[in-house]
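Subject: Structure for your review

Dear colleague,

Please find below the sequence and structure that I am handing over to you.

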Amino acid sequence: MLYQFGSFSLDTARRELRRGDVLVGVEPQVFDLLSYLIAMRDRVVSRDDLFAAVWQGRIVSEATLSSRLNAARTAIGDTGSEQRLIRTLPRKGIRFVGDVRAVAEPEAGPAMIEALADVTAPHAGPRLPSVAVLPFANLSGDQEQDYFADGMTEEIITTLSHSSSLFVIARNSSFVYRGKAIDVRQAGRELGVTYVLEGSVRRGREGLRITCQLVDAVSGVHLWSDRFDGDVRDVFALQEQVAESVAAVIEPTLQFAEIGKLTRDLPQRLDAYDLVLRAYGQLAEFTPTSMEAALATLEQSRAVDPSYAPSMAALAYCRAQCHFQGWIAQDEATLAATCNLAWQAVERTPNDAQTLWMAAFAIWNMAGSGREPARELLRRSLLLNPNSAMALTVAGWIEIMCGNVHEGRAMVVRAQRLNPRDPRGWFISGAMAIAAVIEENYPEALLWAERSLAQNRRFAVALRVLAVAHMKLDQEEPARAAVRRLLAIEPGLTVSAFFARIPVPHPGMAKTYADALGAAGLPP
């Protein structure tokens, strides 16, 4: 079908949107959303309708839905304030209100059949990890505890749906398995998901025990499990605590699982999403060589889909990490280009929590005097997904660097509580080490720096803290050893080069670092 409205035409057979003769680039999911709204233009479409048609029944966060709607409006020259073509009706739904002329294809040949299959394919658009939360089993022998087990399941589904990087099956679909003993692989096949979270609730005399396990629904392999104990007197607080902790763990766990699958089963042709996943794996190695490879992979992702915001944000973040470590030389033009790339990612997906914190990290480290907006981006990211350990850590880090140690430390401590076994724990420990330096608690700074280096011996932030703390404790030789390790990572590092590159807005901290690093042997 060819739909014409204003100067635009949308061809569902060729999956093309054009303005006049100019092809307009849109993500596959945005194209599917726009196609559905135009096809259903004679009525108001509910959120459930969109979930069924575009996301194949998977529940997605409000942020994800808003992001796709904003992208669809932008593609056809509409805005959220004007709503000339796509109108949101509060508490009702969404409707395409533009004048449309539909031109049917001569016959439903192979091209049309293929296009219709594309629109309804389970993995249209970026193939995000899909997860179903099965109803938790009540093992208490007390039917009155069924309400708690069901409430626990619903709380986790709701909390997981805040993540824009996951597809979460809606409650009504997963609850058909309530009270049934079923193999998770069968449930995965029937629900069309790759991962299944299951669990149980057991009540004792004085407390509740909740167990959870995350399973690969294709292979049956257990990816993660944990148990939580709590007081029966405040069941709602316990449900909230468990749901937050589970959500914080599952997102990075599934990301690393997807990276592992991509490494083992390399597809013949990598799309933009595949390439971003591969880059995340390279980023995790955190060596000059792996970071260089990640930059190249993310450039490939952008070449495949120049409008794909996750690759823009990840590329800006990767450049900022290299800048932070001193692993690549970047002139003023490169710094500006990176910040511009970060802002482009934000503009394309303003309601994607991960894009926001990655862009914020890049802007904070590379924007010079224009760093302050990074703090606002992080506030928005945490509003969208308050359980992201990385967003909490980056936000806490920046607040600590600005001298707001109490507020920043609280964010980092919450990140630790949510995901105590996060593979990026070295980054969290580094933030705690900086907080201890600002508070002049140098023994604690040493503790956190050494903990960080135990996980990542190349982390320059922790090595700098190590040198500073040892000098402040009159331990000159260990301080000089830390500086030698720093220079092995970045041979040309000097005190002045460090302050020219790294944002240290807290004046007391700047003097502490300059004096201590210089005394420990770092060239001026």
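I begin with a cysteine: C318 counts as buried because its relative accessibility is 0% (buried means under 20% relative accessible area, exposed over 50%, partly exposed in between, with a 1.4 Å probe and protein chains only). The sulfur of C318 has its closest cysteine sulfur in C322, at 4.6 Å, which is too far for a bond. A disulfide here is a pair of cysteine sulfur atoms within 2.5 Å, and the structure holds zero of them. C402 is likewise in no disulfide, and the nearest cysteine sulfur, that of C339, is 16 Å away. With a relative accessible area of 24%, C402 is partly exposed.

Please note that this is a predicted model, in which local features need pLDDT of at least 70 and side-chain atom pairs count only at pLDDT 80 or more, while totals for chains, interfaces and linings use all residues. Residues are numbered from 1 along each chain as its sequence is written, and side-chain values use heavy atoms, with hydrogens and water left out.

Overall architecture

The chain contains 22 helices and 14 strands; these are DSSP runs numbered from the N terminus (helices: H or I, at least four residues; strands: E, at least two). The radius of gyration is 25 Å, close to the 24 Å that the globule rule gives for 524 residues, so the chain is as compact as a globular protein of that length. That radius is taken over C-alpha atoms, and the rule is 2.2 Å times the number of residues to the power 0.38. Along the principal axes, the C-alpha atoms fill a box of roughly 80 × 70 × 45 Å. Of the 524 residues, 54% count as buried. Among contacts (heavy atoms within 4.5 Å) between residues at least 6 apart in sequence, 61% join residues at least 24 apart. The chain exposes about 22,900 Å², of which carbon and sulfur atoms supply 51%; the areas come from the Shrake-Rupley method with a 1.4 Å probe, and for residues only the protein chains shown count as cover.

Strands

In a regular strand the side chains alternate between the two faces of the sheet. Strand 9 (residues 130-133) is covered on both faces, with S130 and A132 buried on one side and V131 and V133 buried on the other. Strands count as paired if DSSP finds at least two bridges between them. Strand 9 pairs in the parallel sense with strand 11 (residues 167-169) over two bridges, and S130 stands opposite F167 there. Strand 9 also runs parallel to strand 12 (residues 195-203), joined by three bridges; V131 stands opposite Y195, and V133 has L197 as its bridge partner.

Two bridges join it in parallel to strand 10 (residues 137-138), where A137 is the partner of S200. Nine bridges link strand 12 to the antiparallel strand 13 (residues 207-216), with Y195 opposite D216.

Helices

Helix 9 (residues 272-285) has 14 residues and reaches 21 Å between its end C-alpha atoms, close to the expected 20 Å; the expected span is 1.5 Å times one less than the number of residues. Eleven of the 14 residues of helix 9 are buried, including Y273, D274 and Q282. Just after helix 9, F286 takes a positive phi of about 55°.

Helix 18 (residues 442-455) should span 20 Å because it has 14 residues at 1.5 Å each, and its end C-alpha atoms are 20 Å apart, which agrees. Its buried residues include Y442, W448 and L453.

Yours sincerely
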